[in-house]
Amino acid sequence: MADDEQLRAALVDDLDAGFEAVVRAHADVVHAVARRTVSRAADAEDLAAEALLRAYRALRGYTPARIEALTLRPWLLTILLNTARNDRRDAARRPRTDGVAPVPDRPASAPGPAEQAESTELGDHLAVLLADLPAAQRTAVVLRHVVDLPVAEVAAVLGCGEATARSHAKRGLDALRTRLISEEKP
């Protein structure tokens, strides 16, 4: 994987080829966060694609100096989370008219290691518990402990200080732990 400095230089030299390299370097993280942000796998793919498209469109209007100042992964994840928030807001304004509740997607054939972990009973249960957390805590837990981003990048994505990002992640983990313990007791 190319480092951010090389990726930014590639974007400045040739936006199209540089963005292809950015996608190769960061698409897995963007998709992993999207998968934990929405309930359906198909929606996660759409969300990740839309976020990357928005990132590309934004880059077309950036000056070389602005591109060189980017920290790519937090920038991409911020776009992803803003896109998800906007999609939720827009969906709330448009009530469903088909009368059918959404059914969660299941991975297709030949799941990889990430899909196998998601499909386990505990993984499914943790995903449900994670979805019940407040947005800041859920995002912090996913970024820090699922995607394994450094605290500085979690803070950049959340738009807060590092201490606040650590606090959101800790409170989210504590809430998950409390729920799991309370469910174990008869």
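## Ground rules

Throughout this report, two residues are in contact when their heavy atoms come within 4.5 Å. The model is a predicted one, in which local features need pLDDT of at least 70 and side-chain atom pairs count only at pLDDT 80 or more, while totals for chains, interfaces and linings use all residues. Residues are numbered from 1 along each chain as its sequence is written, and side-chain values use heavy atoms, with hydrogens and water left out.

## Overall fold and confidence

The protein has ten helices and zero strands. Helices (H or I, at least four residues) and strands (E, at least two) are DSSP runs, numbered from the N terminus. Of the 186 residues, 33% count as buried, where buried means under 20% relative accessible area, exposed means over 50%, and partly exposed lies in between (1.4 Å probe, protein chains only). Among contacts between residues at least 6 apart in sequence, 66% join residues at least 24 apart.

How confident is the prediction? The average pLDDT, the predictor's confidence in each residue from 0 to 100, is 83 for the protein, and 81% of the residues score at least 70. Confidence is highest in helix 4 (residues 64–68), at a mean of 94, and lowest in helix 6 (residues 113–119), at 57. Where pLDDT is low, the predicted coordinates should not be read in detail.

## Helix 2 against helix 3

Two packed helices are described by the angle between their axes and the distance between the axes. Here, helix 2 (residues 15–37) and helix 3 (residues 41–60) pack at about 145°, and their axes are 9 Å apart. Axes are lines fitted to C-alpha atoms, for helices over the stretch in contact, and angles run from 0 to 180 degrees between N-to-C directions. The crossing of helix 2 with helix 3 is right-handed; a crossing is left-handed if the near helix is turned anticlockwise from the far one by less than a right angle, and right-handed if clockwise.

Which residues meet? From helix 2, the contact includes Phe19, Val23, Val30 and Ala34, and from helix 3 it includes Ala44, Leu47, Ala48 and Leu52. The residues of this contact divide into 13 nonpolar, two polar and four charged. In this scheme Ala, Val, Leu, Ile, Met, Phe, Trp, Tyr, Cys and Pro count as nonpolar, Asp, Glu, Lys and Arg as charged, and the others, Gly among them, as polar.

## The nonpolar core

In soluble globular proteins, nonpolar side chains tend to be buried together. A nonpolar core is a set of buried Ala, Val, Leu, Ile, Met, Phe, Trp, Tyr and Cys residues joined through side-chain atoms within 4.5 Å. The largest one here has 45 residues, of which Leu11, Val33, Leu59, Trp75, Leu77 and Leu80 touch the most other members. Elements giving two or more residues to this core include helix 1 (4–13), helix 7 (121–131), helix 9 (151–158) and helix 10 (162–184). Helix 2 provides the largest share, nine residues.

Thr83 sits in helix 5 (residues 72–93) and is buried, at a relative accessible area of 1%. Beyond its neighbours within four places in sequence, Thr83 is in contact with Leu47, Glu50, Ala51 and Arg54.

Thr139 belongs to helix 8 (residues 135–146) and is also buried, with a relative accessible area of 13%. Not counting residues up to four places away in sequence, Thr139 touches Leu81 and Leu158. Other buried residues of helix 8 include Gln137, Arg138 and Val142.

Most residues other than glycine have a negative phi. Asp148, however, has a positive phi of about 65° although it is not a glycine. Asp148 is placed in the loop between helix 8 and helix 9 and counts as exposed, at 56% relative accessibility.

Ser167 in helix 10 is partly exposed, with a relative accessible area of 26%. Ser167 and Gln137 are 30 residues apart in sequence, and their C-alpha atoms are 8.4 Å apart in space. Towards the other end of the numbering, Ala10 lies in helix 1 and is partly exposed at 25% relative accessibility. Not counting residues up to four places away in sequence, Ala10 touches Leu15 and Gly18. The C-alpha atoms of Ala10 and Ala21, eleven residues apart along the chain, are separated by 7.9 Å.
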